[in-house]
Amino acid sequence: MSVVLHWFLPTSGDGRTIVDRFHGSQEAGAPAQRGPDIDYLAQIARAAEQLGFVGVLTPTGTWCEDAWLTTAALIAHTERLKFLVAFRPGTVSPTLAAQMAATYQRISRGRLLLNVVTGGDAIEQQRFGDWLEHDQRYARTDEFLAIVRKLWSGAPVDFDGQHLSIAGGLVPTPPDPLPQIYFGGSSDAALPVAARHVDVYLTWGEPPAQVAEKIARVRELAEAQGRTLRFGIRLHTISRDSSREAWAEADRLVEAIDPATLARAQSQLGASQSVGQQRMVALHGGRLDKLEIYPNLWAGIGLVRGGAGTALVGSHQEVADRIEEYHSLGVEEFIFSGYPHLEEAYWFGEGVRPELVRRGLVDDTVSTSARRELVPAL
């Protein structure tokens, strides 16, 4: 069981701080230092590919560029990189989603992965015309995934559920291969959905004991369904040649957060219906003095950013230690990001990844010469 590494495409913009536009915000915020134009995103995608990342996660939300369209445009800029496309079941019909996935697999030659995002913030959901309550949204996701799986069989599908109904749904040429489905959710309503339908269950970066507990719960539910899942974790990273340099960068990111921005972000994030978001907020409690919540696990990003709010911070060897620890719990897939995403991809790809290769946790399938073909002007 080797480690699979993914990176992240910042489709709401990028920069050297974490306060331009925080994920999950109810407001647009200041313009990003680096706009999410296709040339910049292509630069990140090519760097991720050259550095040996398997895929890139592309988020969904009000302040993001559309993930389907953006990644489709990046297919021609890359050769083998996979695109983990985030989308919400409440904004597209299951038949159309199944058809889009089939088309995407053909034009990309099999490079699509799907991240199903049920949504935990009512205000954000209502922007897209979704008025269901939290648990109802997961019930709809359950029906949505059941339909999509049936459609991918190539046979006509009739389905009459509580939230979704279709008659004669058909995808005559199913995707080949079938896209792997990634899914996250920490609530009691979310876990059974994962157990029944998904390939990879994702968790945000909590301390190892909490991650182990969550994995155990999902694994037990999946086994009751006769299924086996893989597990992944979503984290940021600040990796440097020394621990001192890495923590200095973490301190710099926090120092750039003004009190008004912090208070506004905490108010909005604390009101989220998402159980996972509530768990992220609880890790730091809005305090600035105890942000290292486990060795090399830093909750500073979650002060102002919704969703994944923790980062692995330290020397390349220390970051590799934490990855190895999570891997020992059963985590196979790691989705990383950093600010800015281009530069941090190189810090990780040229620092941590070789250390993981030396430990036998990552197959070195990308040659050193290939990784050197694309070097950013820093």
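This is a predicted model: local features need pLDDT of at least 70, side-chain atom pairs count only at pLDDT 80 or more; totals for chains, interfaces and linings use all residues.
## Strands side by side

Start with strand β1, which covers residues 4–8. This strand is mostly covered, since 4 of its 5 residues are buried. It has two pairing partners described here. One is strand β13, residues 331–337, which pairs with β1 in the parallel sense over 3 bridges. Within that pairing, Leu5 has Phe334 of β13 as its bridge partner. The other is strand β2, residues 55–58. Here too the sense is parallel, and β1 and β2 share 3 bridges. Trp7 stands opposite Val56 of β2.

Now move to strand β7, residues 181–184. Strand β4, residues 112–116, pairs with β7 in the parallel sense over 3 bridges. Leu114 faces Ile181 of β7 in that pairing. Strand β8, residues 200–204, also joins β7 through 3 bridges, and these two strands run parallel. Gly184 stands opposite Leu202 in β8.

## Helices that meet

Two helix contacts involve α2. How do the axes of α1 and α2 cross? Helix α1 spans residues 38–50 and helix α2 spans residues 67–74. Their axes come within 10 Å and cross at roughly 70 degrees. An angle of 65 to 115 degrees counts as roughly perpendicular, so α1 and α2 are roughly perpendicular to each other. Their crossing is right-handed. On the α1 side, the contact is made by Ile38, Leu41, Ala42 and Ala45. On the α2 side, Thr70, Ala73 and Leu74 take part. By class, this contact has 6 nonpolar residues, 1 polar residue and no charged ones.

The contact of α2 with α3 has another geometry. The axes of α2 and α3 come within 11 Å and cross at roughly 10 degrees. Angles under 35 degrees count as roughly parallel, so α2 and α3 are roughly parallel to each other. Trp68, Thr71 and Ala72 of α2 make the contact with Met100, Ala101 and Tyr104 of α3. Its classes are 5 nonpolar, 1 polar and no charged residues.

## Residues in their surroundings

His236 lies in strand β9, residues 230–240. Is this residue buried or exposed? Its relative accessibility is 1%, so His236 counts as buried. Beyond residues up to four places away in sequence, His236 touches a list of others, including Arg305, Phe336 and Tyr339.

Asp142 sits in helix α5, residues 134–151. Asp142 has 19% relative accessibility, and buried means under 20%. Asp142 therefore counts as buried. Leaving aside neighbours within four places in sequence, Asp142 is in contact with Val193, Arg196 and His197.

Thr95 is found in helix α3, residues 94–108. Which residues does Thr95 touch, not counting those up to four places away in sequence? They are Leu151, Ile166, Gly169, Leu170 and Val171. Thr95 and Ser187 are 92 residues apart in sequence, and their C-alpha atoms are 27 Å apart in space.

Ile123 belongs to helix α4, residues 122–127. Its relative accessible area is 39%, so Ile123 is partly exposed. Ile123 and Gly154 are 31 residues apart in sequence and 37 Å apart in space, C-alpha to C-alpha.

Most residues other than glycine have a negative phi, and most peptide bonds are trans. The table lists spots that depart from this pattern.

| Spot | Feature | Value |
|---|---|---|
| Asp176 and Pro177 | cis peptide bond | omega about 0 degrees |
| Tyr339 and Pro340 | cis peptide bond | omega about -10 degrees |
| Arg109 | positive phi | about 60 degrees |
| Asn296 | positive phi | near 70 degrees |

Where do these spots lie? Pro177 is in the loop between β6 and β7. Pro340 is in the loop between β13 and α12. Arg109 lies in the loop between α3 and β4. Asn296 is in the loop between β10 and β11.

Arg109 has 76% relative accessibility, so it counts as exposed. Asn296 has a relative accessible area of 8%, so it is buried.

Note on methods
Residues are numbered from 1 along each chain as its sequence is written. Side-chain values use heavy atoms; hydrogens and water are left out. Buried means under 20% relative accessible area, exposed over 50%, partly exposed in between (1.4 Å probe, protein chains only). Two strands pair if DSSP finds at least two bridges between them. Axes are lines fitted to C-alpha atoms, for helices over the stretch in contact, and angles run from 0 to 180 degrees between N-to-C directions. Angles under 35 degrees count as roughly parallel, over 145 as roughly antiparallel, 65 to 115 as roughly perpendicular and the rest as oblique. A crossing is left-handed if the near helix is turned anticlockwise from the far one by less than a right angle, and right-handed if clockwise. Contact means heavy atoms within 4.5 Å. Ala, Val, Leu, Ile, Met, Phe, Trp, Tyr, Cys and Pro count as nonpolar, Asp, Glu, Lys and Arg as charged, and the others, Gly among them, as polar.
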